[in-house]
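Me: I would like to learn how to read a few local features in a model. Can we take them one at a time?

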Amino acid sequence: MNSQEPVVDFAPVQPLLASACVHCHGEKEAEGELRLDTLAGALAGGASGPALVPGNPTDSTLLTSTMLAHDDADIMPPDEPLDPSQIELLRKWVASGAKWDSDKPIKIQPRIDFVKNIQPILEQQCVSCHSGDDPEGGLDLTTREMAFDSGAITAFDAADSSLYTTTVAGKNDDSLMPPKNSGGPLPSSMTKTLRMWIDQGAIWPADLKLEKKAKEVGPQVTVDDIELVAQIHAKILATSKVESEADMADYKSAVPLTKAPFQMVAIKGGTFLMGSPEDEKFRSPIEGPQTKVSVDPFWIGKYEVTWDEYEPFMITEASREKHGARKDYDANVHTIVDGVSQPTPPYTEMSFGMGQLGYPAISMTQHAANKYCQWLSAQTGHFYRLPTEAEWEYACRAGTTTPYSFGNGQLADYAWYSANSKEKYQKIGLKKPNPWGLFDIHGNVREWTADKFTENYFELIQDNPSNPYVKPSKLYPRSARGGGWADEFDQLRSAARVGSDEAWKETDPQLPQSIWYHTDAPWIGFRVIRPLKVPSVEEMYFYWNSASGMRY
């Protein structure tokens, strides 16, 4: 260690490694047998020897590979070399001993490009007030020099940068920027991007001058609107012939376009005690107070939706807008099925190597699961959607009142969870079903429901316990049930509840982050239901679009 060098902590270095190195040198991909997501991996190095030699910058290829000429084939990272300020931070860190105070592997973080990701935010949200002869608060954000000289930005430290901290102030805080009456607070996707940009060094081309731009407002226009839903609704009314509960029966079917098989189990309507009793072991307060709830009859998937069913919806040859609409859509050529929004291509293989044929589909957002239901409905002429929390628990309990639907049986006979899953999901249907014939209702993957997740759910449904549904009003959190392959046994109980979180897509490198994928939730999946009663066009539209237009 060079005693003359100032000691550089790991905190400002971690975002650099996360955004510039771990994509190719991490757990999922270790190019050249080199991992840079852990201290042990950096010290061990790869095929070319140690990448990090604390106190010795000249022998640390982690540093020296970034200092090569931009046209050198060995420069790292190859597509977008580091800025001199980032390289200097790395050099000082290595020279001062390369302190690395995290035992957990570094997660991938998107590399923030100023022109693509930051310039639009500043020009649309900030420059109108922070430019000209008399900029508000004396802060001029039109050039890099002015922004940095004002003290609004501290490179590599967003927490000390008012440009960022003022955007995450409370909505009624006088320091909020932009103010509440001028578009604030900004969506979390924007503030998160600002934070990552500053923590990665706040790289800003020195000769680039910003100009005021009009704000982008509202969702993009798409054919996947209420008129399309009305067409699907008309098809469903013409197709669905079962009119009474007495006529309901289990059935086998297949996705018309792909022939992927799926099975549905008929569930009679009824009343049950929802939630867990106060004396249930491992009970959480958000599971009660127990409430007598009634639900109408429906069919529910015998199994969780598999990759066989879901992947043809997720991966298509059509070029799509970010919101999933076909760019080439022509009403004279395409069908109502083609009009349904479908996912844009994922940035990585979304089964994460755990298996596809016969395995449950995972890592989709609730929005993606909703749109799959619409896509399936448009093909079959039957209305499919996600179950509500009440419908899910009713089907899961299958008439039981015990913590699990199998009473006092052995959990390992019915479910895949942390103790027996071998740290991955398993093929559907290998364990015993619940009393109503539903497989993997406990464990394997958590399952989306249609509801907003709220801790006071049971208070909200007290006045209307018939077919309760807590409609989502914001993107997070949404409710999921059943526990998954990575969960402990208590999370697999019939009454256990959990809500989605922004962290479920923390390492999504796309900007803006995708509305289709939860890259950090490889344990979330879903199963579909088909209610006997066909809802109105407006109700159908909301079930399939409860996240449309919301900022991810």
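Me: Where does proline 289 lie?

Reply: Some ground rules before that. This is a predicted model, where local features need pLDDT of at least 70, side-chain atom pairs count only at pLDDT 80 or more, and totals for chains, interfaces and linings use all residues. Residues are numbered from 1 along each chain as its sequence is written, and side-chain values use heavy atoms, with hydrogens and water left out. Now the case: proline 289 lies in the loop between β3 and β4 (291–295). Helices (H or I, at least four residues) and strands (E, at least two) are DSSP runs, numbered from the N terminus.

Me: Which peptide bond joins glycine 288 and proline 289?

Reply: Most peptide bonds are trans, and most residues other than glycine have a negative phi. Here the bond between glycine 288 and proline 289 is cis, with omega about 10°. The bond from methionine 177 to proline 178 is also cis, with omega near -10°. Proline 178 sits in the loop between α7 (162–165) and α8 (188–199).

Me: What is the phi of phenylalanine 282?

Reply: Positive, about 70°, although phenylalanine 282 is not a glycine. This residue is in the loop between β3 and β4. Alanine 398 has a positive phi too, of about 55°. Its place is the loop between α13 (389–397) and α14 (411–414).

Me: Does accessibility make phenylalanine 282 buried, partly exposed or exposed, and which is alanine 398?

Reply: Buried means under 20% relative accessible area, exposed over 50%, partly exposed in between (1.4 Å probe, protein chains only). Phenylalanine 282 is at 42%, so it counts as partly exposed. Alanine 398 is at 8%, so it counts as buried.

Me: Which residues are in contact with methionine 274, beyond its neighbours within four places in sequence?

Reply: Contact means heavy atoms within 4.5 Å. The partners of methionine 274 include Gln290, Val293, Glu389, Tyr457 and Arg481. Methionine 274 belongs to strand β3 (residues 270–274). Its relative accessibility is 0%, so it is buried.

Me: How many residues has the largest nonpolar core?

Reply: In soluble globular proteins, nonpolar side chains tend to be buried together. A nonpolar core is a set of buried Ala, Val, Leu, Ile, Met, Phe, Trp, Tyr and Cys residues joined through side-chain atoms within 4.5 Å. The largest has 56 residues; Trp307, Tyr310, Tyr372, Phe526 and Trp544 have the most contacts inside it. Helix α12 (366–380) is one of the contributing elements, and gives the most, with 7 residues.
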